[in-house]
Amino acid sequence: MREIWAYHRDEQGQLVSARPAELAGVPLEERPPPSEPVAFHDRPGKLSDWWSVTTRGHVVCGSKRRRRVAIELDFDPNIAWFGGEPVELRWRGEQGKQRWRPDFVARTAGGARVVVAVEPEKIGAQWRERLEMLQEVAAAARWQVAVMPVPGGVRLANLEFAADYRQAVPITSEEIEAVEDAFRYERPIGEGALDSGVPYLAALDLAYRLIWQRRLQIHWGRPLLTTATAWTVVEPA
């Protein structure tokens, strides 16, 4: 294994360095970046944090592409916590000294630690070297590695739309039950909201919240209009 050092913040917020094996069990997903994040290609105005309902705080995203992946992580019920760029890896490669911050570190509901690398727009030698190095670190630190594509098209538009409803608001259990019951079979969102017995705009708002919470399912390849269909997710017996 090549010589790799990891730089991260400890519990007191101090910058420390460690060998890959020493990262095992360290909750990096809860730590801030080793230093202030730098905008993509050092261009001003490109930093784009994401307010996460999972962490109840802002997650560092160094670019709009990372922000879109952060939405996917926030939407994933298997992700219990995640943080942006909390560790910097340094090593010597063919081109000399290298440093790289994987995009996210996440903790799953089952307690596994996953380091997330956002798939680049172009796959080249630098990316392959980084991924190879990351696999080495992950093996020593007992991490999982996930390479995530950046969502786009209709799915991205739907995710961003549903994410507008991610923050909690006061809703009665009776309203939730009424809207869910209106979608016991697949039907247009506007139609179900109208038939729920809850005031239409409130029911429509609630339907979109339930979509974000995955309590209502939709066809993600279709635009999330009131004419799009939704149905209640049936929990396994």
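**Salt bridges**

I began with the salt bridges and found that the structure holds 15 of them. A salt bridge here is a side-chain nitrogen of Lys or Arg within 4 Å of a carboxyl oxygen of Asp or Glu.

A note to myself on what I am looking at: this is a predicted model, where local features need pLDDT of at least 70 and side-chain atom pairs count only at pLDDT 80 or more, while totals for chains, interfaces and linings use all residues. Residues are numbered from 1 along each chain as its sequence is written, and side-chain values use heavy atoms, with hydrogens and water left out.

**Glu-29 and Arg-113**

I looked up this pair next, and their side chains meet in a salt bridge at 2.7 Å, N to O. Glu-29 lies in the loop between strand S2 (15-18) and strand S3 (50-52), and Arg-113 lies in strand S9 (residues 113-118), so the pair ties together parts that are 84 residues apart in sequence. I kept the naming rule beside me: helices (H or I, at least four residues) and strands (E, at least two) are DSSP runs, numbered from the N terminus.

Are Glu-29 and Arg-113 buried or exposed? Glu-29 is buried, with a relative accessible area of 2%, and Arg-113 is buried too, with 12%. The cut-offs I used are under 20% relative accessible area for buried, over 50% for exposed, and in between for partly exposed (1.4 Å probe, protein chains only).

**Arg-155 and Glu-72**

I then turned to Arg-155 and Glu-72, whose side chains meet in a salt bridge at 2.9 Å, N to O. Arg-155 lies in helix H3 (residues 153-163) and Glu-72 in helix H1 (residues 64-75), so this pair ties together parts that are 83 residues apart in sequence. Arg-155 is partly exposed at 29% relative accessible area, whereas Glu-72 is buried at 15%.

I followed Glu-72 back to its helix. H1 has 12 residues and reaches 17 Å from its first C-alpha to its last, close to the 16 Å expected at 1.5 Å a residue. That expected span is 1.5 Å times one less than the number of residues. Glu-72 is one of the buried residues of H1, and among the others I noted Val-69, Ile-71, Leu-73 and Phe-75.

I found one more salt bridge between the side chains of Glu-88 and Arg-90, at 2.8 Å, N to O. Glu-88 is buried at 6% relative accessible area, and Arg-90 is partly exposed at 27%.

**Positive phi angles**

Which residue in the loop between S3 and strand S4 (57-59) did I look up? I looked up Arg-56, which has a positive phi of about 60° although it is not a glycine. Arg-56 counts as exposed, at 53% relative accessibility.

Glu-85 has a positive phi of about 50° and is not a glycine either. I located Glu-85 in the loop between strand S5 (79-84) and strand S6 (87-93), and at 6% relative accessibility Glu-85 counts as buried.

**A sheet of three strands**

My last entry is an open sheet with the order S11-S13-S12 and antiparallel pairing. Strand S11 (187-188) and strand S12 (216-218) stand at the edges with a single partner strand each, so one side of each is left without a neighbour in the sheet. Two strands pair if DSSP finds at least two bridges between them. Two bridges join S11 to strand S13 (residues 229-232), and Pro-188 has Thr-229 as its bridge partner in S13.
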